[in-house]
Amino acid sequence: MTVENISINKSFGGWHKQYTHQSKVLNCPMRFAIYLPPQASNGQKVPVLYWLSGLTCSDENFMQKAGAQKLASELGIAIVAADTSPRGNDIADDEGYDLGQGAGFYLNATQAPWNKHYQMYDYIVKELPELVESMFPVTDKRAIAGHSMGGHGALVIALRNSEAYQSVSAFSPISNPINCPWGKKAFTAYLGRDTANWSEYDASVLMRNSLATQKAPRVPALVSQGEADNFLVEQLKPEVLQAAAKSSDYPLTLESHEGYDHSYYFIASFIEQHLRFHAEHLLTD
């Protein structure tokens with residue numbers, strides 16, 4: 001596999017690096033970023049937090065706006081930020097911001113033309129971690145987090161792969177996509193009109209069923225939601241996730257924050273809490 005380093009910046013004693021590589025899973029070039037804390041330059045392998053961003057974003061939004069590097073450098077945790085979809089002139093797209101490029105929804109598309117490239121679930125679960133663990137001084141201890149569409153992706157991936165992640169967190173996740181406009185549009189396009197196929201990518205459904213389907217100890221989850229979020233009622237539906245957790249006794253902490261919206265101002269305000277939550281699980285034996 002050809003991997004090219006396209007940028008490098010020193011940050012809080014560690015290094016932020018961007019790479020491009022040819023993805024076999026997505027059948028196109030992809031870009032990701034990694035923040036390696038100073039411990040990784042001193043012969044120590046460090047655990048990894050994978051970050052999944054929301055609609056229209058790339059690897060750059062979180063790395064440039066969240067302010068996570070300072071505490072990550074102190075804790076000794078690497079952060080990998082993936083892109084949100086395949087991209088390119090020959091990649092299927094849509095005129096709307098909520099479908100196509102920038103809006104992969106972290107699932108494996110089954111419908112044409114999307115199924116040729118949009119296999120983001122397999123990319124995040126398999127290909128990207130394998131690449132990261134083969135290239136960098138990191139351990140196989142992983143956590144996963146995300147925002148909005150990425151929060152949906154992080155929860156779904158952790159719920160379906162509990163043996164692979166130590167912890168999961170989300171800011172303003174699309175908690176019940178099978179019952180919101182964003183999810184219905186994307187799932188119809190990517191997965192088809194048979195709604196029976198949608199539930200495997202819905203965090204609320206998976207959490208409600210987690211007692212019956214768990215393969216390993218359930219992944220501790222932290223969710224932060226702003227009460228002034230414009231998308232709260234129509235798109236995000238955290239109350240459905242909370243009800244699912246209650247019904248299955250899932251280890252979920254869901255916090256509601258007065259006055260905060262859907263932006264990176266919200267993420268930057270609580271990223272330290274999320275990093276410390278993940279550190280409790282990543283840095284213990």
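The exercises below, each with a worked solution, concern one protein structure.

The structure is a predicted model, in which local features need pLDDT of at least 70 and side-chain atom pairs count only at pLDDT 80 or more, while totals for chains, interfaces and linings use all residues. Residues are numbered from 1 along each chain as its sequence is written, and side-chain values use heavy atoms, with hydrogens and water left out.

**Exercise 1. Find where Ser-210 lies, decide whether Ser-210 is buried or exposed, and list its contacts.**

Begin with the secondary structure, where helices (H or I, at least four residues) and strands (E, at least two) are DSSP runs, numbered from the N terminus. Ser-210 belongs to helix α7, which covers residues 210-213. Next, take the accessibility: buried means under 20% relative accessible area, exposed means over 50%, and partly exposed lies in between, with a 1.4 Å probe and protein chains only. Ser-210 has 5% relative accessibility and therefore counts as buried. Then turn to contacts, meaning heavy atoms within 4.5 Å. With neighbours within four places in sequence left aside, Ser-210 is in contact with Arg-218, Ser-248 and Tyr-250. Finally, the side chains of Ser-210 and Arg-218 make a polar contact at 2.9 Å. A polar contact is a pair of N or O atoms within 3.5 Å; within protein, one must be able to donate a hydrogen and the other to accept it, and residues adjacent in sequence count only if both atoms are side-chain atoms.

**Exercise 2. Determine which kind of aromatic pair Tyr-19 and Phe-136 form, and where the two residues lie.**

Start from the rule that rings of Phe, Tyr and Trp (its six-membered ring) pair if their centres lie within 6.5 Å, with planes under 30 degrees apart counted as stacked, over 60 as edge-to-face and the rest as tilted. The structure holds 15 aromatic pairs. In the pair of Tyr-19 and Phe-136, the centres are 5.4 Å apart and the planes stand at 65°, which makes the pair edge-to-face by the rule that angles over 60 degrees count as such. This pair links distant parts of the chain, with Tyr-19 in strand β2 (residues 14-23) and Phe-136, 117 residues apart from it, in the loop between α3 (120-135) and β6 (138-147). Both Tyr-19 and Phe-136 are buried.

A further edge-to-face pair is that of Trp-114 and Tyr-118, at 5.3 Å centre to centre and 80° between the planes, and both of these residues are buried too.

**Exercise 3. Work out which way the residues of strand β7 point, and in which sense β6 and β7 pair.**

Strand β7 consists of residues 168-171, where Val-168 and Ala-170 point one way and Ser-169 and Phe-171 the other way, all being buried. Two strands pair if DSSP finds at least two bridges between them, and β6 and β7 pair in the parallel sense over 4 bridges. Within β7, Val-168 has Ile-144 standing opposite.

**Exercise 4. Describe the backbone at Ala-112 and Pro-113, at Lys-237 and at Asp-249.**

As background, most residues other than glycine have a negative phi, and most peptide bonds are trans. Here, a cis peptide bond joins Ala-112 and Pro-113, with omega about 0°, and Pro-113 is placed in the loop between β5 (78-82) and α3. Turning to phi, Lys-237 has a positive value near 55° in a residue other than glycine. Lys-237 is in the loop between α8 (232-236) and α9 (238-248), and its relative accessible area of 17% makes it buried. Asp-249, also other than glycine, has a positive phi near 55°. Its place is the loop between α9 and β9 (252-257), and at 61% relative accessibility Asp-249 counts as exposed.
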